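Hi,

Here is the structure I promised to pass on to you. Please open it alongside this email, and my notes follow below.

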Amino acid sequence: MFDRLRGALDSAITKATTRELSEKNMADAVWDLQMVLIQNDVAVEVAEHVCELTKQKLLGSRAGRLDNIGRLYKTAIHDSVLEVLKPEHPLEPIEFVTARKQKGETTIIMFVGVNGTGKTTTLAKMAHIFKKKGFSVVIAAGDTFRAGSIEQLQQHADRVGVKVIKQSYGSDAAAVAYDTIAHAKAKHIDVVLIDTAGRMQSNKNLLEEMKKIARVAEPDLKLFVGDALAGNDALSQAKEFHSAIGIDGAILTKVDADPSGGAALSIAFVTGRPVVFVGVGQGYDDLKKFDPEWFAKRLVGAD
Ligand SMILES: Nc1nc2c(ncn2[C@@H]2O[C@H](COP(=O)(O)OP(=O)(O)OP(=O)(O)O)[C@@H](O)[C@H]2O)c(=O)[nH]1
Ligand SMILES: [Mg+2]
(Lines give C-alpha, C1' and ligand atoms only; values in the text may rest on other atoms or scores of the structure.)
(Ligands and ions follow the chains in the order given, each with its own letter.)
Protein backbone atom coordinates (compact mmCIF):
# COMPACT_ATOMS: atom_id res chain seq x y z
CA MET A 1 0.00 0.00 0.00
CA PHE A 2 1.02 3.58 -0.66
CA ASP A 3 3.60 2.21 -3.11
CA ARG A 4 3.05 4.80 -5.79
CA LEU A 5 4.17 7.75 -3.68
CA ARG A 6 7.13 5.83 -2.42
CA GLY A 7 8.24 4.82 -5.93
CA ALA A 8 8.04 8.40 -7.16
CA LEU A 9 9.93 9.70 -4.14
CA ASP A 10 12.61 7.09 -4.64
CA SER A 11 13.53 8.48 -8.02
CA ALA A 12 13.50 12.07 -6.75
CA ILE A 13 15.85 11.05 -3.95
CA THR A 14 18.18 9.25 -6.35
CA LYS A 15 18.26 12.27 -8.61
CA ALA A 16 18.95 14.64 -5.74
CA THR A 17 21.70 12.59 -4.18
CA THR A 18 23.78 12.18 -7.29
CA ARG A 19 24.63 15.85 -6.91
CA GLU A 20 26.34 17.93 -4.28
CA LEU A 21 24.21 19.60 -1.67
CA SER A 22 24.82 23.15 -2.87
CA GLU A 23 22.22 25.82 -2.26
CA LYS A 24 21.05 25.55 -5.89
CA ASN A 25 20.91 21.76 -6.00
CA MET A 26 19.06 21.68 -2.74
CA ALA A 27 16.43 24.04 -4.09
CA ASP A 28 16.06 21.75 -7.13
CA ALA A 29 15.78 18.66 -4.98
CA VAL A 30 13.14 20.24 -2.76
CA TRP A 31 11.26 21.38 -5.86
CA ASP A 32 11.32 17.81 -7.20
CA LEU A 33 10.00 16.61 -3.87
CA GLN A 34 7.16 19.13 -4.03
CA MET A 35 6.19 17.99 -7.54
CA VAL A 36 6.22 14.33 -6.53
CA LEU A 37 4.00 15.04 -3.54
CA ILE A 38 1.52 17.09 -5.56
CA GLN A 39 1.34 14.49 -8.32
CA ASN A 40 0.50 11.95 -5.64
CA ASP A 41 -2.54 13.64 -4.18
CA VAL A 42 -0.83 15.69 -1.53
CA ALA A 43 -2.58 19.07 -1.46
CA VAL A 44 -0.42 21.97 -2.66
CA GLU A 45 -0.41 23.75 0.71
CA VAL A 46 0.62 20.52 2.43
CA ALA A 47 3.35 19.72 -0.12
CA GLU A 48 4.72 23.23 0.33
CA HIS A 49 4.76 22.78 4.07
CA VAL A 50 6.55 19.40 3.88
CA CYS A 51 9.11 20.94 1.52
CA GLU A 52 9.69 23.95 3.72
CA LEU A 53 10.30 21.66 6.70
CA THR A 54 12.63 19.50 4.61
CA LYS A 55 14.58 22.55 3.45
CA GLN A 56 14.98 23.85 6.99
CA LYS A 57 16.21 20.48 8.18
CA LEU A 58 18.68 20.26 5.31
CA LEU A 59 19.95 23.77 5.93
CA GLY A 60 20.32 23.01 9.59
CA SER A 61 22.40 19.92 8.96
CA ARG A 62 24.96 20.84 6.30
CA ALA A 63 26.46 17.73 4.81
CA GLY A 64 30.01 17.14 5.87
CA ARG A 65 30.84 14.44 3.41
CA LEU A 66 29.36 13.82 0.01
CA ASP A 67 28.32 10.24 0.72
CA ASN A 68 26.09 11.45 3.54
CA ILE A 69 23.87 13.49 1.29
CA GLY A 70 21.51 10.66 0.46
CA ARG A 71 20.99 9.84 4.07
CA LEU A 72 20.60 13.48 5.04
CA TYR A 73 17.96 14.05 2.39
CA LYS A 74 16.05 10.92 3.33
CA THR A 75 16.17 11.77 7.02
CA ALA A 76 14.97 15.30 6.34
CA ILE A 77 11.98 14.04 4.31
CA HIS A 78 11.22 11.31 6.83
CA ASP A 79 11.25 13.73 9.76
CA SER A 80 9.18 16.33 7.91
CA VAL A 81 6.53 13.80 6.91
CA LEU A 82 6.41 12.49 10.45
CA GLU A 83 6.03 15.99 11.81
CA VAL A 84 2.99 16.50 9.57
CA LEU A 85 1.46 13.13 10.44
CA LYS A 86 2.03 13.27 14.19
CA PRO A 87 -1.20 14.83 15.38
CA GLU A 88 -1.72 17.73 17.72
CA HIS A 89 -4.60 15.68 19.08
CA PRO A 90 -3.52 12.03 19.20
CA LEU A 91 -6.13 9.30 19.32
CA GLU A 92 -5.98 5.57 19.75
CA PRO A 93 -9.60 4.34 19.63
CA ILE A 94 -9.06 1.04 21.42
CA GLU A 95 -7.14 2.65 24.28
CA PHE A 96 -9.78 5.37 24.38
CA VAL A 97 -12.59 2.84 24.80
CA THR A 98 -10.57 0.84 27.33
CA ALA A 99 -9.98 3.91 29.49
CA ARG A 100 -13.67 4.81 29.46
CA LYS A 101 -14.75 1.26 30.28
CA GLN A 102 -12.45 1.31 33.29
CA LYS A 103 -14.41 4.33 34.54
CA GLY A 104 -17.67 2.48 33.84
CA GLU A 105 -18.52 4.68 30.86
CA THR A 106 -19.99 3.81 27.48
CA THR A 107 -18.15 5.15 24.42
CA ILE A 108 -20.24 6.56 21.58
CA ILE A 109 -18.62 6.58 18.15
CA MET A 110 -20.21 8.19 15.12
CA PHE A 111 -19.07 7.53 11.54
CA VAL A 112 -19.44 10.24 8.90
CA GLY A 113 -18.43 10.73 5.30
CA VAL A 114 -19.69 11.06 1.74
CA ASN A 115 -21.57 8.31 -0.11
CA GLY A 116 -19.90 4.97 -0.59
CA THR A 117 -16.60 5.66 1.14
CA GLY A 118 -16.91 2.60 3.39
CA LYS A 119 -18.57 3.91 6.56
CA THR A 120 -20.82 0.91 7.14
CA THR A 121 -18.13 -1.64 6.32
CA THR A 122 -15.63 0.16 8.56
CA LEU A 123 -18.19 0.32 11.36
CA ALA A 124 -18.65 -3.47 11.07
CA LYS A 125 -14.88 -3.98 11.10
CA MET A 126 -14.60 -1.89 14.25
CA ALA A 127 -17.49 -3.79 15.86
CA HIS A 128 -15.55 -6.96 15.09
CA ILE A 129 -12.31 -5.58 16.62
CA PHE A 130 -14.07 -4.38 19.77
CA LYS A 131 -15.84 -7.72 20.19
CA LYS A 132 -12.58 -9.60 19.77
CA LYS A 133 -11.06 -7.41 22.49
CA GLY A 134 -13.91 -8.36 24.81
CA PHE A 135 -16.04 -5.22 24.66
CA SER A 136 -19.80 -5.34 24.31
CA VAL A 137 -21.09 -3.43 21.28
CA VAL A 138 -24.42 -2.18 19.93
CA ILE A 139 -25.02 -0.48 16.57
CA ALA A 140 -27.40 2.38 15.73
CA ALA A 141 -28.90 2.16 12.23
CA GLY A 142 -28.59 5.91 11.71
CA ASP A 143 -28.76 5.73 7.91
CA THR A 144 -32.52 5.92 7.53
CA PHE A 145 -32.08 7.61 4.18
CA ARG A 146 -30.59 5.27 1.56
CA ALA A 147 -32.76 2.34 0.41
CA GLY A 148 -31.32 -0.96 1.57
CA SER A 149 -28.95 0.58 4.10
CA ILE A 150 -30.67 -0.93 7.16
CA GLU A 151 -30.68 -4.47 5.71
CA GLN A 152 -27.04 -4.08 4.67
CA LEU A 153 -26.09 -2.98 8.17
CA GLN A 154 -28.13 -5.78 9.74
CA GLN A 155 -26.33 -8.32 7.56
CA HIS A 156 -22.92 -7.08 8.66
CA ALA A 157 -24.05 -7.01 12.28
CA ASP A 158 -25.35 -10.59 12.08
CA ARG A 159 -22.02 -11.73 10.69
CA VAL A 160 -19.99 -10.08 13.44
CA GLY A 161 -22.61 -10.98 16.09
CA VAL A 162 -23.72 -7.54 17.23
CA LYS A 163 -27.22 -6.19 17.92
CA VAL A 164 -28.64 -3.35 15.80
CA ILE A 165 -31.19 -0.82 17.07
CA LYS A 166 -33.25 0.42 14.15
CA GLN A 167 -36.42 2.17 13.07
CA SER A 168 -38.04 2.48 9.67
CA TYR A 169 -36.69 4.34 6.65
CA GLY A 170 -37.39 8.05 6.79
CA SER A 171 -37.41 8.14 10.57
CA ASP A 172 -35.29 10.60 12.50
CA ALA A 173 -31.69 9.37 12.57
CA ALA A 174 -30.99 11.36 15.73
CA ALA A 175 -33.85 9.52 17.47
CA VAL A 176 -32.38 6.15 16.41
CA ALA A 177 -29.04 7.17 17.88
CA TYR A 178 -30.72 8.38 21.06
CA ASP A 179 -32.62 5.09 21.51
CA THR A 180 -29.46 3.09 20.96
CA ILE A 181 -27.54 5.08 23.54
CA ALA A 182 -30.39 4.67 26.06
CA HIS A 183 -30.33 0.92 25.41
CA ALA A 184 -26.53 0.80 25.83
CA LYS A 185 -26.62 2.73 29.10
CA ALA A 186 -29.41 0.56 30.51
CA LYS A 187 -27.54 -2.64 29.62
CA HIS A 188 -24.06 -1.32 30.44
CA ILE A 189 -22.82 -1.85 26.92
CA ASP A 190 -19.28 -0.60 26.32
CA VAL A 191 -19.46 0.76 22.79
CA VAL A 192 -22.19 2.35 20.64
CA LEU A 193 -21.38 2.61 16.93
CA ILE A 194 -23.59 5.01 14.97
CA ASP A 195 -23.90 4.44 11.23
CA THR A 196 -24.96 7.51 9.27
CA ALA A 197 -26.11 8.17 5.73
CA GLY A 198 -23.54 9.17 3.15
CA ARG A 199 -23.78 12.86 2.38
CA MET A 200 -21.93 15.07 -0.03
CA GLN A 201 -20.03 17.83 1.69
CA SER A 202 -22.03 20.34 -0.34
CA ASN A 203 -25.47 19.09 0.71
CA LYS A 204 -26.55 21.60 3.33
CA ASN A 205 -29.71 19.74 4.44
CA LEU A 206 -27.92 16.48 5.02
CA LEU A 207 -25.08 18.27 6.79
CA GLU A 208 -27.66 19.87 9.08
CA GLU A 209 -29.13 16.44 9.78
CA MET A 210 -25.65 15.17 10.66
CA LYS A 211 -25.12 18.08 13.03
CA LYS A 212 -28.42 17.22 14.68
CA ILE A 213 -27.36 13.59 15.18
CA ALA A 214 -24.10 14.83 16.72
CA ARG A 215 -25.95 17.28 19.00
CA VAL A 216 -28.39 14.66 20.23
CA ALA A 217 -25.98 11.71 20.52
CA GLU A 218 -23.02 13.73 21.84
CA PRO A 219 -20.55 11.18 20.47
CA ASP A 220 -17.24 10.78 22.28
CA LEU A 221 -15.59 10.20 18.92
CA LYS A 222 -16.59 11.41 15.48
CA LEU A 223 -14.66 9.55 12.82
CA PHE A 224 -14.46 10.73 9.24
CA VAL A 225 -14.33 7.88 6.72
CA GLY A 226 -12.65 8.83 3.46
CA ASP A 227 -11.88 6.83 0.34
CA ALA A 228 -8.11 6.94 -0.21
CA LEU A 229 -8.73 6.64 -3.95
CA ALA A 230 -10.55 9.99 -3.93
CA GLY A 231 -7.18 11.72 -3.47
CA ASN A 232 -7.52 15.45 -3.09
CA ASP A 233 -11.28 15.28 -2.95
CA ALA A 234 -10.99 13.26 0.27
CA LEU A 235 -9.21 16.28 1.73
CA SER A 236 -11.92 18.75 0.79
CA GLN A 237 -14.48 16.34 2.26
CA ALA A 238 -12.50 16.02 5.50
CA LYS A 239 -12.26 19.81 5.75
CA GLU A 240 -16.02 20.27 5.34
CA PHE A 241 -16.96 17.54 7.80
CA HIS A 242 -14.42 18.86 10.28
CA SER A 243 -15.79 22.37 10.08
CA ALA A 244 -19.38 21.06 10.32
CA ILE A 245 -19.02 18.83 13.41
CA GLY A 246 -15.35 18.70 14.43
CA ILE A 247 -13.91 15.27 13.73
CA ASP A 248 -11.62 13.44 16.14
CA GLY A 249 -9.89 11.22 13.62
CA ALA A 250 -9.99 9.88 10.10
CA ILE A 251 -10.10 6.44 8.56
CA LEU A 252 -8.89 5.96 4.99
CA THR A 253 -10.45 3.04 3.17
CA LYS A 254 -9.59 1.07 0.02
CA VAL A 255 -5.90 1.42 0.63
CA ASP A 256 -5.61 -2.12 -0.80
CA ALA A 257 -6.52 -0.65 -4.20
CA ASP A 258 -3.12 1.06 -4.34
CA PRO A 259 -3.91 4.73 -3.77
CA SER A 260 -0.97 7.11 -3.77
CA GLY A 261 -1.35 7.73 -0.05
CA GLY A 262 -1.09 11.48 -0.30
CA ALA A 263 -4.54 11.95 1.21
CA ALA A 264 -3.25 10.65 4.56
CA LEU A 265 -0.73 13.47 4.77
CA SER A 266 -3.16 16.12 3.64
CA ILE A 267 -5.98 15.16 6.00
CA ALA A 268 -3.71 14.96 9.03
CA PHE A 269 -2.13 18.33 8.26
CA VAL A 270 -5.27 20.24 7.41
CA THR A 271 -7.55 18.92 10.16
CA GLY A 272 -4.88 18.44 12.83
CA ARG A 273 -6.56 15.11 13.55
CA PRO A 274 -4.85 11.77 13.06
CA VAL A 275 -5.53 9.05 10.53
CA VAL A 276 -6.28 6.25 12.98
CA PHE A 277 -7.00 3.28 10.73
CA VAL A 278 -6.71 2.26 7.12
CA GLY A 279 -9.07 -0.15 5.36
CA VAL A 280 -7.17 -2.79 3.42
CA GLY A 281 -9.97 -4.98 2.04
CA GLN A 282 -13.58 -6.01 2.38
CA GLY A 283 -13.16 -8.58 5.15
CA TYR A 284 -13.80 -7.81 8.83
CA ASP A 285 -10.13 -8.20 9.70
CA ASP A 286 -9.07 -5.80 6.95
CA LEU A 287 -8.66 -2.76 9.15
CA LYS A 288 -5.14 -1.82 10.22
CA LYS A 289 -3.83 0.74 12.63
CA PHE A 290 -2.22 3.61 10.76
CA ASP A 291 1.28 4.15 12.02
CA PRO A 292 2.86 7.51 11.00
CA GLU A 293 6.35 6.18 11.68
CA TRP A 294 5.76 3.23 9.37
CA PHE A 295 4.38 5.53 6.67
CA ALA A 296 7.32 7.98 6.88
CA LYS A 297 9.89 5.18 6.87
CA ARG A 298 8.23 3.49 3.97
CA LEU A 299 8.21 6.67 1.91
CA VAL A 300 11.95 7.08 2.08
CA GLY A 301 12.64 3.38 1.71
CA ALA A 302 14.03 2.86 5.17
CA ASP A 303 12.03 -0.28 5.95
N1 LIG B 1 -11.30 -2.92 -1.36
C2 LIG B 1 -11.91 -2.32 -0.34
N3 LIG B 1 -13.23 -2.11 -0.39
C4 LIG B 1 -13.81 -1.51 0.66
C5 LIG B 1 -13.08 -1.09 1.80
N6 LIG B 1 -13.95 -0.51 2.66
C7 LIG B 1 -15.16 -0.57 2.08
N8 LIG B 1 -15.10 -1.17 0.87
C9 LIG B 1 -16.19 -1.42 -0.09
O10 LIG B 1 -16.73 -0.19 -0.50
C11 LIG B 1 -18.12 -0.33 -0.80
C12 LIG B 1 -18.93 0.70 -0.06
O13 LIG B 1 -18.87 0.42 1.32
P14 LIG B 1 -19.97 0.85 2.36
O15 LIG B 1 -19.49 0.43 3.70
O16 LIG B 1 -21.32 0.42 1.94
O17 LIG B 1 -19.86 2.42 2.21
P18 LIG B 1 -20.76 3.54 2.92
O19 LIG B 1 -19.87 4.71 3.14
O20 LIG B 1 -21.46 3.00 4.09
O21 LIG B 1 -21.78 3.86 1.73
P22 LIG B 1 -23.20 4.66 1.85
O23 LIG B 1 -23.90 4.11 3.02
O24 LIG B 1 -23.88 4.40 0.57
O25 LIG B 1 -22.82 6.10 2.00
C26 LIG B 1 -18.48 -1.76 -0.41
O27 LIG B 1 -18.48 -2.55 -1.57
C28 LIG B 1 -17.34 -2.18 0.52
O29 LIG B 1 -17.10 -3.56 0.52
C30 LIG B 1 -11.65 -1.32 1.81
O31 LIG B 1 -10.93 -0.99 2.74
N32 LIG B 1 -11.14 -1.95 0.73
MG1 LIG C 1 -23.46 2.98 4.64
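Which domains does the domain assignment of the protein give? There are two entries: domain 1 covers 3-85, and domain 2 covers 93-299. Please keep in mind as you read on that this is a predicted model.

First, the overall picture. The protein has 12 helices and 8 strands. Its radius of gyration is 21 Å, close to the 19 Å that the globule rule gives for 303 residues, so the protein is as compact as a globular protein of that length. If you are setting up a box, the C-alpha atoms fill one of roughly 65 × 40 × 30 Å along the principal axes.

Taken over C-alpha atoms, the centres of domain 1 and domain 2 are 34 Å apart. Domain 1 brings 18 residues to the contact, and domain 2 brings 24. As you know, the size of an interface is often given as the accessible area lost when the parts come together. Here, about 2100 Å² is buried between domain 1 and domain 2, with carbon and sulfur atoms giving 63% of that area. On the domain 1 side, the residues that lose the most area to domain 2 are Arg6, Asp41 and Leu85, which together make up 30% of what that side buries.

What about charges and polar pairs? The rule finds 1 salt bridge across the interface of domain 1 and domain 2. Glu45 forms a salt bridge with Lys239, and their closest N and O atoms are 3.6 Å apart.

As for which elements are involved, α1 (3-17), α3 (44-60) and α4 (69-85) each give two or more residues to the side of domain 1 that touches domain 2. The residues of that side divide into 10 nonpolar, 3 polar and 5 charged.

Best wishes

Conventions. Residues numbered from 1 in each chain as written. Chains lettered and ligands numbered in written order. Predicted model: local features only at pLDDT ≥ 70, side-chain atom pairs only at ≥ 80, totals over all residues. Heavy atoms only, no water. Domains from an automatic or database assignment. Contact = heavy atoms within 4.5 Å. Buried area = accessible area lost by both parts, 1.4 Å probe. Salt bridge = Lys/Arg side-chain N within 4 Å of Asp/Glu carboxyl O. Helix = DSSP H or I, 4+ residues; strand = E, 2+ residues; numbered from the N terminus. Nonpolar A, V, L, I, M, F, W, Y, C, P; charged D, E, K, R; others polar. Rg over C-alpha atoms; globule rule 2.2 N^0.38 Å.
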